[in-house]
Amino acid sequence: MLVLQAASQTAKHQGKIGLAIAGGGPIGGMYELGALRALEVAIDGLDLNRLDVYVGVSSGAFLAAGLVNRLSTAEICQIFITNNHPEIHFSPRMFLKPAFMEFGKRVSSLPGLAFDWWKSLITDPSGAQLSELTSRFTGAVPTGLFDNAPIEKFLKSIFNGPGRSNDFRKLERPLYVVAVDLDQGKAVRFGSKDWDSVPISQAVQASAALPGLYPPVDINGHHFVDGALRRTMHASVVLDHGIDLMIGINPFVPFNAKNRHKGTEPTVKLADGGLPMVLSQTFRTLLQSRMQVGLEKYARQYPETDQLVLEPNEDDAEMFFTNVFSYSSRHRVCEHAFQSTLRDLKSRAAQLAPLLAKHGLTLNMSVLDNPDITLLDGIAPVYRRTAATAQLWHNLDDIEYGLRQRKTR
């Protein structure tokens with residue numbers, strides 16, 4: 001589903017584009033990758049590696065950090081979909097490594113708690129302090145099932161590679177990664193002043209620390225968890241940069257089972273799926289409703305900015321019923337997002353074309369009219385680079401980009 005919000009006032013400077021990518025776990029990230037790939041191949045003039053500002057939350061934070069580091073959508077597909085990147089080797093198992101250190105830390109506190117419990121039973125028969133002591137046992141429950149340290153290590157190896165940077169301050173364009181300070185309940189923008197010295201890999205690790213699955217990430221004495229706890233996309237971060245076009249991607253929307261079947265089949269009852277299905281629908285509803293409120297507010301606060309937001313359709317069973325951590329489904333979901341985004345762009349071409357033209361962008365109808373195009377079409381092999389060859393590639397890419405810009409003027 002393509003949500004368009006045209007600016008109500010004429011922008012002073014045309015062409016500044018910002019990207020906001022929400023979270024959504026591994027499968028949400030694959031949806032976002034497919035949508036980004038579709039935008040890249042279907043919109044001429046849109047260079048996702050040269051936007052004016054980026055913000056990412058959770059899985060969206062990695063994609064934003066990759067794009068600003070000049071990892072193209074094609075190259076990211078080679079990392080996560082085809083697994084044939086010459087330098088970066090992805091293994092889904094890194095996301096599901098049990099948090100042994102966290103378990104050990106919590107278990108080690110049990111003997112002392114048990115001793116205090118028995119002591120209270122003997123010295124305080126009335127049980128006045130027993131309930132308070134019993135509540136302390138909750139501190140022995142691990143804060144996360146899986147260890148997110150391997151994720152940070154993997155990201156660090158990527159961003160420290162030739163031609164890339166793990167330092168916010170050394171990036172060519174602004175990048176913000178949002179996480180929530182657990183002890184204060186406030187959102188923190190890594191990449192902003194006072195927080196730009198944190199490595200990008202660690203910021204992404206913190207932004208993706210979904211409570212219950214991953215333990216909070218300790219950075220400078222603060223414990224951080226998933227940035228989606230405060231807002232869905234944190235689009236205001238890019239809007240504050242005075243951009244003219246905001247592109248947003250949100251992979252989670254509530255599922256409309258009745259709309260899906262349109263009376264031709266029995267209606268799906270989500271409650272029949274048990275607690276996981278009910279919680280999934282609840283979580284998605286909260287995220288989307290919060291985002292809708294934000295977009296309406298942004299239209300008033302930033303009247304000179306056009307907004308283009310991509311989401312799954314409300315009857316998209318592929319996105320709703322696929323397990324968020326189903327790594328084996330990542331190619332299917334990414335291809336699904338790619339195709340559905342192309343369909344959305346084509347169906348809204350009449351409204352979209354003049355909006356894009358304001359920013360020097362055009363729809364490539366030959367792509368949109370091609371029924372046989374796939375996610376992996378046109379993806380060229382990536383060759384191993386040294387620091388010198390990476391710099392040479394960057395220079396040649398800059399020259400090519402400059403020539404393209406001159407032709408469009």
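The side chains of glutamate 87 and arginine 164 meet in a salt bridge with an N to O distance of 3.7 Å, a salt bridge being a side-chain nitrogen of Lys or Arg within 4 Å of a carboxyl oxygen of Asp or Glu. The pair links distant parts of the chain, 77 residues apart: glutamate 87 is in the loop between H3 and helix H4 (100-107), and arginine 164 is in the loop between H7 and E5. Helices (H or I, at least four residues) and strands (E, at least two) are DSSP runs, numbered from the N terminus. Glutamate 87 is partly exposed at a relative accessible area of 23%, whereas arginine 164 is buried at 13%. Here buried means under 20% relative accessible area, exposed over 50%, and partly exposed in between (1.4 Å probe, protein chains only).

The model is predicted: local features need pLDDT of at least 70, side-chain atom pairs count only at pLDDT 80 or more, and totals for chains, interfaces and linings use all residues. Residues are numbered from 1 along each chain as its sequence is written, and side-chain values use heavy atoms, with hydrogens and water left out.

## Salt bridges

A search of the whole structure finds 10 salt bridges. The table lists some of them.

| Glutamate 87 | Arginine 164 | 3.7 Å |

Arginine 70 lies in the loop between helix H2 (59-68) and helix H3 (73-80), and glutamate 172 in the loop between helix H7 (149-159) and strand E5 (175-181), so the pair ties together parts that are 102 residues apart in sequence. Arginine 70 counts as buried, at 7% relative accessibility. A network of salt bridges links Arg70, Glu172 and Arg173.

## Strand E9

Five of the five residues of strand E9 (residues 245-249) are buried, so the strand is largely enclosed by the rest of the structure. Leu245, Ile247 and Ile249 point one way from E9, while Met246 and Gly248 point the other way. Two strands pair if DSSP finds at least two bridges between them. E9 runs parallel to strand E2 (residues 17-21), joined by five bridges, and alanine 20 stands opposite glycine 248. Five bridges also join E9 to strand E10 (residues 306-310), again parallel, with isoleucine 249 opposite leucine 310.

## Aromatic pairs

Rings of Phe, Tyr and Trp (its six-membered ring) pair if their centres lie within 6.5 Å; planes under 30 degrees apart count as stacked, over 60 as edge-to-face and the rest as tilted. The count comes to 10 aromatic pairs. Tryptophan 195 and phenylalanine 224 form an edge-to-face pair, 5.5 Å centre to centre with 90 degrees between the planes. Tryptophan 195 lies in the loop between E6 and H8 and phenylalanine 224 in strand E8, so the pair ties together parts 29 residues apart in sequence. Both residues are buried. Elsewhere, ring pairs link Phe62, Phe80, Phe90, Phe154 and Phe159 into a cluster.

## Positive phi

Aspartate 194, although not a glycine, has a positive phi of about 80 degrees. Aspartate 194 is in the loop between strand E6 (186-190) and helix H8 (200-207) and is exposed at 64% relative accessibility.
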